[in-house]
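Here is a briefing on one protein model.

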Amino acid sequence: MMPFLDLRSVNLQYEEELTKAFAEVLRSGWFVLGEKVIEFEELFAQYCGVKHCIGVANGLDALFMIFEAYKELGVMKVGHEVIVPANTFIASILAISKAGLSPVLVEARRSDYLIDVSKIEKSITSRTIAIMPVHLFGQVCDMDSIKALAKKYSLKVVEDCAQAHGAYYRGNRSGNLSDAAGFSFYPGKNLGALGDGGAITTNDDALARILNAYRNYGSKVKYQHQFKGINSRLDELQAAFLTVKLKHLDNETEKRRAIVKVYLQSLNVPDINLPSAHTESGHVWHLFVIRTMHRDSLQKFLIENGVMTVIHYPKPPHLQQAFSNFGYHVGDFPITEELANTSLSLPLWPCMSQQQVQEVCDLIKRFFSK
Ligand SMILES: *Cc1c(COP(=O)(O)O)cnc(C)c1O
C-alpha cells in the first residue's frame, strides 16, 4: 500500500544526525528550556526573518498564547472578535475561542481554498480586534489586502503558519508577514518534530517578553509569577531534532515542488480541478489537494488499487458539534462545505519517488477514462 505520507522514510534520511542530537540531549542532563531550545529559537527567527521566536509545546498553544499575550498587554479583551477563515483546521478557531474571544468565520475561495479577502470587510464590526489568515496547505493568503484592511480598521493580524513553514509572499517569509504568527511542528507538518512542538514568531518586543514568561507558568524568574501563564514549553529533545530538520527544510520544499509539478502536468483532465498557486506566493505544498465531483468513488478506487489519500477536511468547523453554540447551519458557508465534499489530498512527501507520483497519476487517469 502506498501511504499518504511516509514519515518514516522522511525522518530516516537524517537518522545519523537525529541520533547524534538525541545523544547530546541525553548526555547534557537538561530537558526543558535549555541551550537546544535557545539555539533553535535563534535559527528559526533568522529563517523567518523576525526578531523573536518563542518555542512552545504545539501549534494550538502558539496561536492561543498570542491572544492571551495581547490580553495581558491590554490590546485585546474577552468578547472581542477575530476574523478567521471558515475553511481551516479546527485549531485555528479553538485558539480564538479558548482565549475568550469570538471567532467570526469568513467564506473560502474555491480556487485556492484560502480566506476570500473580498468578504472580510463586511464581517468587521466595532468589536473586531484582529484578522487571522491561515496559510492553508502551504500557500500564503493575500496579505496585501489583509494588511490594508487591518490598517484601515486598526486591527492586529495573527498568521496561522502551521502549514506554511518557509512559504513566502512578495519576498517575505510566513511568520514575518503580520504582528505575530503561530507555527506547529507536529510530525506531519513541513517542519516536523518527532513528537509535538510549536513556536511563535514576532517582531514585537513587548509581546515576545510576555510570551517568554507565559509559556512557563507566567514566570521569568523561578517562583516569581508575573502572569497567570500555562505550561507550554518546547522540549530540548524536540528543539534539537528541529534544528537538524530546519537545515534540510528548503531542500525538502524543492522536492515537494518537483512532485507537485508532475501532478499538475499529469492531472490536467476535465473532471479534476487543480489547486491554483499564485505568482507572488512561494507555495510550499504542505498538501496537494484536488477537487472533483467524483471524490468518494475516486478515493475508493485508489484504495482498491493500493494508494492512500486523505480528505482535508471532511467536516468544516462551523458544522462540528463542538461549535454548535455558535449557531451555524448547513448552507452558511456553501463554498467551504463544497470543498469538504469535493476535496481530496493526494500522497505527497519530500522523498516520494517519481515512480510513485506517476503511479498515482496513472491510476487517477484510468479512473476518469472509465
Ligand atoms: C496543525 C495545525 C494547527 C495546530 O497545530 P498542533 O501542533 O497540532 O497543535 C493549527 N492550525 C492549522 C492550520 C494546522 O494545520
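The second largest pocket is lined by Val32, Leu33, Asn216, Tyr217, Ser219, Lys220, Val221, Lys222, Tyr223, His225 and Arg233. Its volume is about 220 Å³. The model is a predicted one.

**Second largest pocket**

- Strand β10, residues 219-221, gives the most to this lining, with three residues.
- By class, the lining of the second largest pocket splits into five nonpolar, three polar and three charged residues.
- Tyr223, one of the lining residues, sits in the loop between β10 and β11 (224-225).
- Tyrosine 223 has a phi near 70°, which is positive in a residue other than glycine.
- Tyrosine 223 is exposed, at 67% relative accessible area.

**Largest pocket**

- The largest pocket holds about 570 Å³ of space.
- Its lining has 27 residues, and Phe89, Gln163, Tyr186, Lys189 and His286 lie nearest the centre.
- Helix α4 gives the most, with three residues.
- The lining of the largest pocket has 13 nonpolar, ten polar and four charged residues.

**Helix α8**

- Helix α8 covers residues 236-266, 31 residues in total.
- From first C-alpha to last, α8 reaches 43 Å, close to the 45 Å expected at 1.5 Å a residue.
- The helix α8 bends by about 45° at leucine 249.

**Cysteines**

- How many disulfides does a search of the whole structure find? The search finds zero.
- The cut-off for a disulfide is a pair of cysteine sulfur atoms within 2.5 Å.
- For cysteine 53, too, the closest cysteine sulfur is 7.0 Å away, in cysteine 48.
- Cysteine 48 is buried, with a relative accessible area of 3%.
- Cysteine 53 also counts as buried, at 8% relative accessibility.

- Most residues other than glycine have a negative phi, and most peptide bonds are trans.
- Serine 154 is not a glycine, yet has a positive phi of about 50°.
- Serine 154 lies in the loop between α6 (143-152) and β5.
- Is serine 154 buried or exposed? Serine 154 is exposed, with a relative accessible area of 63%.
- The peptide bond from histidine 312 to tyrosine 313 is cis, with omega near 5°.
- Tyrosine 313 belongs to the loop between α9 and α10.

**Loop contacts along the chain**

- Leucine 319 is found in the loop between α9 (295-304) and α10 (334-342).
- Leucine 319 is partly exposed, at 23% relative accessible area.
- Its C-alpha is separated by 9.4 Å from that of aspartate 332, 13 residues apart along the chain.
- Alanine 164 is found in the loop between β5 (156-160) and β6 (168-169).
- Alanine 164 is buried, with a relative accessible area of 0%.
- The C-alpha atoms of alanine 164 and serine 174 are separated by 6.8 Å, and the two residues are ten apart along the chain.

Note on methods: Residues are numbered from 1 along each chain as its sequence is written. This is a predicted model: local features need pLDDT of at least 70, side-chain atom pairs count only at pLDDT 80 or more; totals for chains, interfaces and linings use all residues. Side-chain values use heavy atoms; hydrogens and water are left out. Helices (H or I, at least four residues) and strands (E, at least two) are DSSP runs, numbered from the N terminus. The expected span of a helix is 1.5 Å times one less than its number of residues. The bend at a residue is the angle between axes fitted to the seven residues ending there and the seven starting there. On a 1 Å grid over the protein atoms alone, a cavity is a set of points where a 1.4 Å probe fits but cannot get out, and a pocket is an open set with protein on both sides within 12 Å along at least five of seven lines; lining residues have an atom within 4 Å of a point. Grid points are joined across faces, edges and corners, and a volume is the space filled by probe spheres set on the points. Ala, Val, Leu, Ile, Met, Phe, Trp, Tyr, Cys and Pro count as nonpolar, Asp, Glu, Lys and Arg as charged, and the others, Gly among them, as polar. Buried means under 20% relative accessible area, exposed over 50%, partly exposed in between (1.4 Å probe, protein chains only).
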